[in-house]
Amino acid sequence: MEPRPDESGDSARLTALRALGHEEGPLHVGGVSAAELLARFGSPLYAYDAGVLERQIAAVRRAFGPDVSVAFALKANPSLALAAVARRAGAGAEVASAGEILLAQAAGFTGPEIQFAGPGKSDEDLRIALGAGARIHIESEREHERLATLARTAGVRPDVAVRVNLNASQSGARLRMADSSSRFGVDRARVPSLCRRIVDDGACSLVGLHQYGGSQAFDADAWVRSVADLLAIAAESEQATGHPLLSLNLGGGFGWPVYDRDPTFDLDAAGRGAIELLEAAGRLGAPREVHLELGRYLAAPAGVFLTTVVDLKESGGKRHAVLDGGMHQFGAATGLGAVMRRAYAIVAADDPDASDGEPVSLGGPLCTPADRFGTGLVLPRLALGDAVAVLHAGAYGLTFSPTRFLSHPSPAEVLVDRGEARLIRRRGTPEDALRDQLP
Ligand SMILES: Cc1ncc(COP(=O)(O)O)c(C=O)c1O
């Protein structure tokens with residue numbers, strides 16, 4: 001059961017503005033106004049505040065204590081610059097492809113600071129992971145066999161952990177990955193025998209277990225129960241094999257409120273609950289390791305997507321603002337991947353506190369009704385050239401979007417770090433439509 005919606009009266013808009021340190025006046029990102037960012041870098045634009053990412057990482061580390069390490073899941077925002085900020089804040093890197101391994105390395109992560117999970121890893125993925133000395137989370141018996149062969153050929157012995165499918169124990173996750181039947185991980189009943197096989201085979205060094213039940217998990221109690229479950233499986237496997245499992249990756253997927261009336265994930269309760277269980281099981285403190293891996297919770301509040309009104313019209317008695325940015329650039333905010341289509345928090349960049357105005361539908365330039373951020377959104381009366389900001393845009397933004405659909409150029413990305421704004425991804429060009437194509 002998902003906890004009840006936030007009763008505190010905080011909307012997703014207020015949560016985002018507070019995270020960005022907004023007090024009053026026009027929207028700023030890391031101390032630089034949205035208007036200045038747009039003037040310098042153009043529209044549409046993703047803008048990130050390094051300080052917010054650092055503060056989110058610090059909050060999780062505070063809640064879980066010094067014996068639990070936090071990895072930034074690069075899939076949430078595979079930006080080299082943000083990955084480097086995460087590293088500076090003491091996080092590791094969770095990766096899901098060879099490309100993300102290379103990105104993690106380019107951001108300065110090395111060896112087992114890089115943890116690689118995901119089904120369907122190719123031989124190339126695994127070879128690159130072996131070369132990087134990454135820790136590999138094994139998703140199936142067959143994946144172990146392939147990895148063992150590749151490791152022998154390469155003359156290396158990788159650290160591995162078995163990803164456990166915890167049978168829907170993480171019932172709090174909206175986007176569930178652990179279930180009674182799942183493409184992710186190994187069913188719990190088979191975990192001890194796979195551990196046995198890995199140890200007997202000897203090509204890989206079995207360091208522990210990994211779980212990741214799903215994304216947008218708002219129920220801290222359910223998440224803590226999944227930790228208890230993982231501890232029980234670790235104990236069973238150790239008993240069955242006699243091999244110590246020194247590393248436990250508890251996953252994460254902590255929910256972050258991107259829609260109004262989303263619940264708030266109780267970070268402190270999750271931290272307290274997990275620490276209690278880990279302490280009781282004697283799992284805290286070197287040489288034992290405990291890991292978390294989080295994407296959205298760390299990065300979502302750090303970003304805004306700035307887009308400009310390029311046309312305005314009345315139709316059927318309703319007002320429409322057409323924006324220069326849309327679904328192809330921020331798919332999640334138009335409902336892509338969501339269980340239910342709802343509007344993200346959106347504000348007028350020059351007046352983010354306005355709570356009245358007139359209803360307007362906001363959509364982008366794509367020729368599909370799916371390209372809309374919301375209908376009947378109450379915003380101050382928008383004029384041509386005004387900028388709106390889609391909030392919570394730091395995770396599952398640009399790279400979670402169908403950027404090639406309709407061949408518009410990709411937006412630029414900027415990072416504001418310690419008061420300085422800098423370009424971290426170049427804006428695309430119309431010529432990109434031809435890139436990689438052959439006649
Ligand atoms: C294995 C794994 N770890 C971490 C994450 C990050 O999840 P979130 O962004 O919800 O924290 C995901 C997301 O799909 C994942 O599959």
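How many residues of domain 1 are in contact with residues of domain 2? Seven residues of domain 1 touch seven residues of domain 2. Contact here is judged by C-beta atoms, placed from the backbone, that lie within 7 Å of each other. On the domain 1 side, the touching residues comprise four nonpolar, two polar and one charged. For these classes, Ala, Val, Leu, Ile, Met, Phe, Trp, Tyr, Cys and Pro count as nonpolar, Asp, Glu, Lys and Arg as charged, and the others, Gly among them, as polar.

The model is predicted: local features need pLDDT of at least 70, side-chain atom pairs count only at pLDDT 80 or more, and totals for chains, interfaces and linings use all residues. Residues are numbered from 1 along each chain as its sequence is written.

Now the domains themselves. Domain 1 is built from two stretches, 12-48 and 301-434, while domain 2 covers 110-294. Their bounds come from an automatic or database domain assignment. The C-alpha centres of the two domains are 35 Å apart.

Next, the ligand. Its shell holds 15 residues, and the closest are Ala73, Tyr212, Ser215, Gly295 and Arg296. A residue is near the molecule if its C-beta atom, placed from the backbone, lies within 6 Å of it. Strand E14 (289-294) and helix H11 (296-299) each give two or more residues to this shell. Helices (H or I, at least four residues) and strands (E, at least two) are DSSP runs, numbered from the N terminus. By class, the shell has seven nonpolar, four polar and four charged residues.

Start at helix H1, residues 12-19. Its buried residues are Ala12, Thr15, Ala16, Leu17 and Ala19. Buried means 20 or more other C-beta atoms within 10 Å of the residue's own, exposed means 12 or fewer, and partly exposed lies in between, with C-beta atoms placed from the backbone. Helix H3 (50-64) is among the elements that cover them. Just after H1, Gly21 has a positive phi of about 80°. The loop between H1 and strand E1 (28-29) holds Glu23. Glu23 counts as exposed because it has 9 C-beta neighbours inside 10 Å. In sequence, Glu23 and Asp353 are 330 residues apart, yet their C-alpha atoms are 9.1 Å apart in space.

Helix H8 spans residues 191-201, with Val191, Leu194, Cys195 and Ile198 buried. Viewed down the axis of H8, these residues fall within an arc of 105°, so they line one face of the helix. The arc is that of the directions from the helix axis to the C-beta atoms. The buried residues pack against helix H7 (141-154), strand E8 (159-165), strand E10 (186-187), strand E11 (205-210) and helix H9 (220-241). Gly202 follows H8 and has a positive phi, near 80°.

Then come the strands. E15 (303-315) and E16 (318-323) pair in the antiparallel sense over six bridges. Two strands pair if DSSP finds at least two bridges between them. Asp311 stands opposite Val322 in E16. Two residues separate E15 and E16 in their hairpin, and Gly316 in the turn has a positive phi of about 55°. E16 also runs parallel to strand E18 (358-363), joined by three bridges. Here His320 stands opposite Ser361 in E18.

Finish at E21 (412-417) and E22 (420-425), an antiparallel pair with five bridges. Glu413 stands opposite Arg425 in E22. Two residues lie between the strands of this hairpin, where Arg418 takes a positive phi near 50°.

How values were computed: Contact = placed C-beta atoms within 7 Å.
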